[in-house]
Amino acid sequence: MIYTPNQDRYGGKMQYRRAGKSGVKLSEIALGFWHNFGDVNVLDNCRQIMRFAFDNGINYFDLADNYGPSYGSAEETFGYIFQKDFKPFRDEMFIATKAGHDMWEGPFGEFNSRKHLIAGIDQSLKRLGLDYVDIFYSHRYDPETPLEETLQTLVDIVRSGKALYVGISKYPADKAEFAYKYLSDRDVHCLLYQGKYNMLDREPEAEILPECEKFGVGFAAFSPLAQGLLTGKYFNGIPEDSRMAKDFFLKKAALTPEMIETLLKFKKEADEKQLTPAQYALNFVKKNPAVTTVIVGASSAKQLEELIN
Ligand SMILES: NC(=O)c1ccc[n+]([C@@H]2O[C@H](COP(=O)([O-])OP(=O)(O)OC[C@H]3O[C@@H](n4cnc5c(N)ncnc54)[C@H](OP(=O)(O)O)[C@@H]3O)[C@@H](O)[C@H]2O)c1
């Protein structure tokens, strides 16, 4: 069926925020592709989630080379659905990818050498079926590669037209500051820092978020629901189809009596505000003025509906 997007997609509840000191306005909720879009997932469900996101004003789509499983398959899923449904709307979409985590065999298959990053973006563009991405991130700090090598590669990627903007993810604060200065000295402003931020993990408040404000860099918050812990879905055990049931990225061991007590306290606060636990958790992240966009994961369009309401 030919996809006709919602005509009123920019007239609903979605708000847009400027990414630091830049010309880019991103939806305050972004759709992440870490889970739920791999070749192990049902393609039609992936398509429904993407359509729902776009129909409701989400303009930022967050991918990485190794999202799946299997590695690369989330980008392939995105590429397939993009060709079918979204090609006419490319200029309404802000598409991100990243490289730096383990991706292929051998010493060039991970981290931040020029060799890895250039091969990484070239492979991603093929899988996505795109000429360029809107933002390319260095996915993690590499303690062994000289930072200048990584950052110069980001500059060159922008100069080559393969990415319009660059960003960094999970860098320690001092390395992030070095990156912001190095990049802006070469007229390639760092658009976004991507880091984990939620009610259970407030670490970015100490250094990363103030530094973003100081340098005019936007902040993209990931795992705002602590991978689902903050949605309230684990109050009565572990649902079979949940991320925790896989016991891999979200460990069953996280569900301690102390954790349940904390989650119940959040639930009470959410109830008082007539919000669901997930909405309450997202509001916490959104209310920090240094945050540009909150990247959520969703395993169904129905879940996403709760998150944007
Ligand atoms: N830069 C990095 O290193 C990095 C690292 C991690 C993530 N990220 C980015 O951030 C994105 C989001 O991360 P995340 O997936 O951990 O985010 P999250 O939003 O904290 O967790 C998403 C999970 O919560 C559950 N959920 C969401 N809405 C729900 C609802 N309404 N009701 C019940 N359960 C709900 C779903 O899990 P179930 O499967 O249980 O349904 C969903 O997959 C990723 O996709 C990726 O793009 C980046």
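Me: Which residue of S6 is the bridge partner of Ala99?
Reply: This is a predicted model: local features need pLDDT of at least 70, side-chain atom pairs count only at pLDDT 80 or more, and totals for chains, interfaces and linings use all residues. Residues are numbered from 1 along each chain as its sequence is written. S5 and S6 run parallel, joined by four bridges. In S6, the partner of Ala99 is Ser138.

Me: How many residues of S6 are buried?
Reply: Buried means 20 or more other C-beta atoms within 10 Å of the residue's own, exposed means 12 or fewer, and partly exposed lies in between, with C-beta atoms placed from the backbone. S6 is largely enclosed by the rest of the structure, because its buried residues number six of the six.

Me: Which strands make up the closed barrel?
Reply: Strands (E, at least two residues) and helices (H or I, at least four) are DSSP runs numbered from the N terminus. Strands pair if DSSP finds at least two bridges between them. The closed barrel has eight strands in parallel pairing: S3-S4-S5-S6-S7-S8-S9-S10.

Me: Which residues of S3 are buried on its two faces?
Reply: In a regular strand, side chains alternate between the two faces of the sheet. Both faces of S3 are covered. The buried residues are Ile29 and Leu31 on one side, and on the other Ala30 and Gly32.

Me: What is the angle between H1 and H2?
Reply: Angles run from 0 to 180 degrees between N-to-C directions, with axes fitted to C-alpha atoms, for helices over the stretch in contact. H1 (residues 43-55) and H2 (residues 73-86) have axes 10 Å apart. They are therefore oblique to each other. The packing angle is about 60°.

Me: Which residues of H2 meet H1?
Reply: Contact means C-beta atoms, placed from the backbone, within 7 Å. H1 contributes Leu43, Cys46, Arg47, Met50, Arg51 and Phe54. On the H2 side they meet Thr77, Ile81, Asp85 and Phe86.

Me: Which residues of H3 make the contact with H2?
Reply: H2 and H3 pack at about 40°, with their axes 7 Å apart. That makes H2 oblique to H3. H2 brings Glu75, Glu76, Phe78 and Gly79. H3 brings Ser124, Arg127 and Leu128.

Me: At what angle to S5 does H3 run?
Reply: H3 (residues 114-128) lies across S5 (94-99), S6 (133-138) and S7 (163-169). Its angle to S5 is about 140°.

Me: Which elements do the buried residues of H9 pack against?
Reply: In H9 (residues 277-286), Pro277, Ala278, Tyr280, Ala281, Leu282 and Val285 are buried. These residues pack against S9 (218-222), H8 (257-272), S10 (291-296) and H10 (301-308).

Me: Is Asp187 buried or exposed?
Reply: Asp187 sits in the loop between H5 (173-185) and S8 (190-196). Its C-alpha atom is 22 Å from that of Ile95, 92 residues apart along the chain. With 9 other C-beta atoms within 10 Å, Asp187 is exposed.

Notes:
Parallel < 35°, antiparallel > 145°, perpendicular 65-115°, else oblique. Contact = placed C-beta atoms within 7 Å.
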